[in-house]
Amino acid sequence: MSRRDDLSPDDRRIWARVAGSVTPARPKKAALIIPGAAVVDPPAAPHPKEMAKSRGVPPAWSPPAPALARPRGHPEELEPRRQRRLSRERDPIEARIDLHGFGRFQAQDALTAFLMGAQARGYRSVLVITGQGRRGGTGVIRASVHEWLQGPVLRGVVSGFASAARHHGGDGALYVTIRRA
């Protein structure tokens, strides 16, 4: 015999009132943030007194669909012919960013914003100047830029990258090719 069968009609009526006055707690989820997408706030939950008046159930909220239509592969090394055309300026370098003087996190934010803006403007190739680092060692930005370019945030923006020619900055700079939007 189940517990529900043990309840009297009065107990069932009281239990129905109690169960009808309680709203289930929604689990908290991390917000889905997609760069360049419009920010949508979840609808505010109605006040419990309003819920009791209307006896309604709050509408279920679902996050917006991702803006990216298909997943992209990791950026690859530039093919030698494309790298040579960029170094000889046969293919134009349409924009450049110099990350000297930035901290690690500021440089990452500046690079992400720059590359997304370049893609929005329709640029095909840009120059990213990282610098050599202090005293001939590998600088923090120079060591991290490859990871940033291959990360999930820039995967849909960057198609490839390679070290720049000496007259464009050598090991302290990169040619970056950008995917079409």
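How exposed is Arg13, in terms of relative accessible area? In this predicted model, Arg13 is partly exposed, with a relative accessible area of 47%, and its partner in a salt bridge is Asp10, the two side chains meeting at 3.9 Å, N to O. Asp10 is likewise partly exposed, its relative accessible area being 48%. Both residues belong to helix H2, which spans residues 9-21, and because they are 3 residues apart in that helix, about one helical turn separates Arg13 from Asp10.

A search of the whole structure finds 2 salt bridges. Side chains of opposite charge can pair when their charged atoms come close. Besides the contact between Arg13 and Asp10, there is a salt bridge between the side chains of Asp91 and Arg85, with an N to O distance of 3.0 Å. Here Asp91 counts as buried, at 16% relative accessibility, because the cut-off for that class is under 20%, whereas Arg85, at 34%, counts as partly exposed.

| Residue | Relative accessible area | Class |
|---|---|---|
| Arg13 | 47% | partly exposed |
| Asp10 | 48% | partly exposed |
| Asp91 | 16% | buried |
| Arg85 | 34% | partly exposed |

Turning to nonpolar side chains, Ile14, Trp15, Val18 and Val22 form a patch on the surface, and together they have about 400 Å² of accessible area. Within this group, Trp15 lies in helix H2, the helix that also holds Arg13 and Asp10, and Trp15 counts as exposed, with a relative accessibility of 52%.

How values were computed. Residues numbered from 1 in each chain as written. Predicted model: local features only at pLDDT ≥ 70, side-chain atom pairs only at ≥ 80, totals over all residues. Heavy atoms only, no water. Salt bridge = Lys/Arg side-chain N within 4 Å of Asp/Glu carboxyl O. Helix = DSSP H or I, 4+ residues; strand = E, 2+ residues; numbered from the N terminus. Buried < 20%, exposed > 50% of the residue type's maximum accessible area, 1.4 Å probe, protein only. Patch = residues over 30% accessible without salt bridge, like charges linked within 9 Å, V, L, I, M, F, W, Y side chains within 5 Å. Areas by Shrake-Rupley, 256 points an atom, 1.4 Å probe, with all protein chains shown as cover.
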